[in-house]
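Here are my notes after a first pass through the coordinates.

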Amino acid sequence: MTGFLLRRLGGAVLVLLALTVVLYAVFYVAPGDVAQIACGPRCSPAQVAQVTEQLRLDDPVYVQYAHFLQGIVAGRDFSTGTGAEHCAMPCLGVSYQSDQQVTQLILAKLPVTGSLVIGAFAGWLVLGVGTGVLSAWRRGRLTERVLTWLTLAGSATPVFVIGLLLIILFCSTLQWLPAPSYVPFTEDPEQWAWGLLLPWTSLALIESAKYARLTRSAMLETLAEDHVRTFRAYGVGERAVIGRHALRGAVAPVIALSALDFGTMFGGAVLTESLFGIPGIGRELVHAVKVVDLPVVVGMVLVTGFFVVLANAVADLLYALADRRVALS
Amino acid sequence: MSEALLVQEAGAAPAVAPASGARSFWRRLRAQRAASAAALVVLLLVLTALAAPLLTALAGQDPNTYHPDLVDSAAGGVPIGSFGGVSGEHWLGVEPQTGRDLFARIVYGARVSLGVALVATALQIALGLVIGLAAALGSRWLDQLLGRITDINVALPVMVIALALLAIVPAAFPRPVLIALVIGGIGWSGMSKIVRAQALTLKSLDFVAAARLSGRGTWSVARRELLPSLAAPVITYAALAFPTNIIVEAALSFLGVGIKPPTPSWGQMLTEADTWYQAAPTYLLIPAGLLFVTVLALTVLGEGVRTALDPRAASRLRVGTRTGGKEESA
């Protein structure tokens, strides 16, 4: 088990390292006029010259990259007009448009995205697994057909469409809810929850479709196995067969998919955040893309990659814990 | 649909298709009522997209002409008339503020949505096939290298990396082409994983071994022996990836980094519709509804294709004798 863990983590670190190379090549080498792009369209030649110096763009590419990597693993110093600014590890660079360090920027947004993802996650897990269990239990009946179509409809709806409709229905037409807004949990927990209710609901509705499908098919798979037939032959009731045995078969795949989704969304639930105006990582990324704030864009992609790779490793680990045979292969 | 699920569902189709051919595939597809209805809807949409210039000519409109006389500028640009200004000339009403014909923009928007998704899917499949086959048939070293590249690809969620790439590409690059290239160019890892796994299985079968032993080149074997057998999983994957790509394009355009005006796109219409839903609800509901219907029809059709190519899948699920494929869901 320890060997498996070490190998898996080693692999994850290598992927991340490769990711920094790829991102550096794509975003800092390929475009050519990097200083101008990174600095933004409104930069004066003097500012561009300063960026060129900061990013050491006059050095050979591998030296530039070495500094980029050094910033991430050990921190680095940036010369500003007046002196040197230290950027502590993990340093993802400095935004030339807001003069903020990218790492600080992302850290400040993390609790916002976290609030959104955690609440939505609870929702889609309950809703998705519940729907899956129900349709596996009522298989072949009307309930299952209805749920199957609902699930299909859910997977065919983009999150921004359902979100828009929910805003119109609950905020404008019925006026049951205030317009969605983000209030930090530490400031006012009640406002925090009310402001996030619609984003949570939209995200949970859309995501739960996937989980319903997965749960249902995993449960049907287990129900077909010999040991379940044996239980039935012994007179174990349908409720116990579904609740105790079939559900067990769905646990591992649901955990694995959850870990992946969790990782992806921490890199920014881009659409949900943009639609509802939640100032999280995803919305910041869209903003950075629109104003071409290169260091922020690259930093965000790298952080997303980090979360996904981490989540993948955790998913594998959970899988191995659930089924020891995985660790041996 | 998420990639993990896509891989699971498409990967479940048997690598060696039953020796039945196209005719029985169509029969099995037609036998499914929902899939047939979905196919009809898709056909209609495709025809609409293809015939966009014809249809708009028939309506006597074009997507980019402003009609300032049809909106009430005193009320901020709300279309004059009921249902967003529906009339004999403007079948679906007009766009708020500009007064552009909504029917024409919707029809041309269908071209963009379907066209971008089609090119993106084709690119995904082509890249996935080449990379998957190369990994399965090439040297061990190549397999390792491609495996790591796939790992990196998996670490980058399509939405995030597509957004990021759009930041550095010069504005002069034609947007629809760019979006298709970006979605297709980064979304190949699911396909390549399936192809690699299936090709490795096929490689060990007698007919492939015989072809290899007869001294034919690797690519000849891949093309003549493996590709026909890979058809089922590849077609299934394509059919299920297509609606996903429509959503991605709509999402990027919705965020304002995809298709740029004046080119119409359903996702982009929704961004603007957001602020108009009270005064002109149809401006929001029409693109939203079409997006929903298109993706739903394509998904149902995709499911139908999967069932038709792997008849056991349906009966397995119904009777509940399904086995295998669980490990793919990670």
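Which residues of chain B does UniProt list for "domain: ABC transmembrane type-1"?

1. The UniProt record, in an unreviewed entry, puts that domain at residues 110-302 of chain B. In the model this span is 81% helix and 0% strand, and its end C-alpha atoms lie 19 Å apart.

2. Keep in mind that this is a predicted model. Its scores are ipTM 0.85 and pTM 0.86. For chain B the mean pLDDT is 80, with 86% of the residues at 70 or more. Helix α5 (residues 102-137) of chain B has the highest confidence in that chain, at 92, while helix α14 (residues 311-320) of chain B has the lowest, at a mean of 44. I'd flag residues 314-330 of chain B, where the pLDDT is below 50. That stretch still has 34 contacts in the model beyond near neighbours in sequence.

3. Of its 330 residues, 54% count as buried. Among chain B contacts with a separation of 6 or more, 75% are between residues 24 or more positions apart.

4. Chain A is assigned two parts, domain 1 (2-102) and domain 2 (105-328). Taken over C-alpha atoms, the centres of these domains of chain A are separated by 33 Å. Their contact takes 26 residues from domain 1 of chain A and 24 residues from domain 2 of chain A.

5. The largest nonpolar core has 151 residues. Those with the most contacts inside this core are Phe27(A), Phe160(A), Val297(A), Leu163(B), Leu252(B) and Leu270(B). Helix α13 (residues 281-309) of chain B gives the largest share, 14 residues. From chain A, the core draws at least three residues from each of domain 1 (2-102) and domain 2 (105-328).

6. What does Val297(A) touch, leaving aside residues up to four places away in sequence? Within chain A the partners are Phe27(A), Leu285(A), Ala288(A) and Val289(A); from chain B come Ala164(B) and Ala167(B). Apart from the core that holds Val297(A), there is a second, separate core of 19 residues. Leu129(B), Val195(B), Val208(B) and Tyr237(B) are included in that second core.

7. For chain A, UniProt (unreviewed entry) gives "transmembrane region" at several spans, including residues 12-30, 149-177, 192-209 and 296-322. Two of them are worth a look in the model. Residues 149-177 of chain A are 79% helix and 0% strand, with the end C-alpha atoms 29 Å apart. Residues 192-209 of chain A are 100% helix and 0% strand, and there the end C-alpha atoms lie 26 Å apart.

8. Just after α3(A), Arg56(A) has a positive phi of about 55°.

Key
Residues are numbered from 1 along each chain as its sequence is written. Chains are lettered from A and ligands numbered from 1 in the order in which they are written. This is a predicted model: local features need pLDDT of at least 70, side-chain atom pairs count only at pLDDT 80 or more; totals for chains, interfaces and linings use all residues. Side-chain values use heavy atoms; hydrogens and water are left out. Helices (H or I, at least four residues) and strands (E, at least two) are DSSP runs, numbered from the N terminus. A nonpolar core is a set of buried Ala, Val, Leu, Ile, Met, Phe, Trp, Tyr and Cys residues joined through side-chain atoms within 4.5 Å. Buried means under 20% relative accessible area, exposed over 50%, partly exposed in between (1.4 Å probe, protein chains only). Domain bounds come from an automatic or database domain assignment. Contact means heavy atoms within 4.5 Å. UniProt positions are given in the numbering used here, feature names are shortened, and annotations may be inferred rather than shown by experiment. pLDDT is the predictor's confidence in each residue, from 0 to 100.
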